[in-house]
Amino acid sequence: VDAYSNGNVYIDSTANITTIGSASDGIIARSTSSSSGTPNGLGTGDVYVKSSGNITLNGSLTSGILASTGGNVNIEIEDGTISVLNGRYGVSAFGQGAGAVRVNQMEGNITSQTGIYTRNNGTGSTTTIQTAGDVTGIRQYGIYAINSGGSGDINITQIKGKVLGEIYGMYVSNTGVESTTINTAGQVLGNRRNGIYVLNQANTNNLTITQTSGSIDGNTTGI
């Protein structure tokens with residue numbers, strides 16, 4: 001599924017998706033600034049993707065779900081398994097502008113080299129990641145979140161389940177102008193390095209990590 005528009009994009013997928021191409025993503029949703037409709041620049045429309053089916057990819061340059069815009073990015077995974085064993089990301093979300101970036105896993109499993117990847121280059125915009133299933137990065141990170149420039153808060157909440165990474169369970173870098181907040185209530189594991197690694201740069205504000213239950217473990221340190 002590849003959908004792009006110079007306005008808003010809305011995808012609600014209940015189907016099972018399987019691809020075999022080396023560069024074939026499962027679902028792509030993009031708002032583009034190009035008047036011709038070709039996806040060669042980010043627009044300001046909102047992008048919303050809801051998925052409840054299974055997504056299975058075999059390519060190496062792929063994402064199970066990829067969404068990008070200069071407006072709001074909202075990805076909701078209601079259920080299903082996203083399996084991208086040879087690809088880059090299970091879910092990837094990119095924001096640039098005043099809109100927020102949001103990934104919400106309600107159930108299911110996400111497995112790829114990196115499970116969930118978000119990058120927010122916006123202005124005052126917030127990144128929110130919530131998981132309630134298993135997220136596994138078999139070669140890199142379970143969750144990889146980056147805020148840069150004038151972007152705002154990073155908020156990560158694990159309601160239940162596991163966040164597992166071969167290197168880091170969660171790798172979070174905030175070079176924006178607001179705060180970073182992480183709440184965990186399940187298992188978080190970094191097999192080679194840390195369970196949770198967070199970098200707040202000089203312009204950022206507070207850093208808060210709260211563990212209400214579960215475990216946070218790493219080969220070097222937990223946090």
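A salt bridge is a side-chain nitrogen of Lys or Arg within 4 Å of a carboxyl oxygen of Asp or Glu, and by this rule the count for this predicted model comes to six salt bridges. The legends below take up some of these contacts, then aromatic rings, then strands.

**View 1. A salt bridge joins Asp2 and Arg30.**
Is Asp2 buried, exposed or partly exposed? With a relative accessibility of 46%, Asp2 counts as partly exposed, because that class covers the values between 20% and 50%.

**View 2. Lys50 and Asp12 form a salt bridge between two strands.**
The closest N and O atoms of Lys50 and Asp12 are 3.5 Å apart. Lys50 is in strand E5 (residues 47–51) and Asp12 is in strand E2 (residues 9–13), so their contact ties together parts of the chain that are 38 residues apart in sequence. The two partners fall into separate classes of accessibility: Lys50 counts as buried at 17% relative accessibility, whereas Asp12, with a relative accessible area of 41%, is partly exposed.

**View 3. Glu166 and Arg192 meet in a salt bridge between two loops.**
Here the side chains of Glu166 and Arg192 come to an N to O distance of 3.0 Å. Both residues lie in loops: Glu166 is found between strand E16 (162–165) and strand E17 (168–174), while Arg192 is found between strand E19 (187–190) and strand E20 (196–200), and the pair links parts of the chain that are 26 residues apart. Arg192 has a relative accessibility of 49% and therefore counts as partly exposed.

**View 4. The rings of Tyr10 and Tyr48 form a stacked aromatic pair.**
The count of aromatic pairs in the model comes to eleven, and this view takes up one of them, Tyr10 with Tyr48. Their ring centres are 4.9 Å apart and their planes stand at 15 degrees, so the pair is stacked, because planes under 30 degrees apart fall into that class. Tyr10 lies in strand E2 and Tyr48 in strand E5, so the contact ties together parts of the chain that are 38 residues apart in sequence. Tyr10 counts as exposed, at 54% relative accessibility, whereas Tyr48 is buried, with a relative accessible area of 19%.

**View 5. Tyr141 and Tyr171 are stacked, and both belong to an aromatic cluster.**
The rings of Tyr141 and Tyr171 have centres 5.2 Å apart and planes at 25 degrees, so this pair is stacked. Because Tyr141 lies in strand E14 (residues 141–147) and Tyr171 in strand E17, the pair ties together parts that are 30 residues apart in sequence. Tyr141 is buried, with a relative accessible area of 14%, and Tyr171 is buried as well, with a relative accessible area of 18%. Which residues form the aromatic cluster? Tyr89, Phe94, Tyr117, Tyr141, Tyr144, Tyr168, Tyr171 and Tyr197 form it.

**View 6. Eight strands make an open sheet with parallel pairing.**
The order of the strands in this sheet is E2-E5-E8-E10-E12-E15-E18-E21. Its edge strands are E2 and strand E21 (207–211), each of which pairs on one side only. From one strand to the next, the twist averages 5 degrees. E2 and E5 pair in the parallel sense over five bridges, and Val9 stands opposite Val47 in E5.

**View 7. Strand E19 runs parallel to E16 and to E22.**
Four bridges join E16 to E19, and in E19 the bridge partner of Leu164 is Leu189. Four bridges also join E19 to strand E22 (residues 215–218), where the bridge partner of Gly190 is Gly218. What stands on the covered face of E19, and what on the uncovered one? Val188 and Gly190 make up the covered face, and Gln187 and Leu189 the uncovered one. In a regular strand, side chains alternate between the two faces of the sheet.

Terms used:
Residues are numbered from 1 along each chain as its sequence is written. This is a predicted model: local features need pLDDT of at least 70, side-chain atom pairs count only at pLDDT 80 or more; totals for chains, interfaces and linings use all residues. Side-chain values use heavy atoms; hydrogens and water are left out. Buried means under 20% relative accessible area, exposed over 50%, partly exposed in between (1.4 Å probe, protein chains only). Rings of Phe, Tyr and Trp (its six-membered ring) pair if their centres lie within 6.5 Å; planes under 30 degrees apart count as stacked, over 60 as edge-to-face and the rest as tilted. Two strands pair if DSSP finds at least two bridges between them. Axes are lines fitted to C-alpha atoms, for helices over the stretch in contact, and angles run from 0 to 180 degrees between N-to-C directions.
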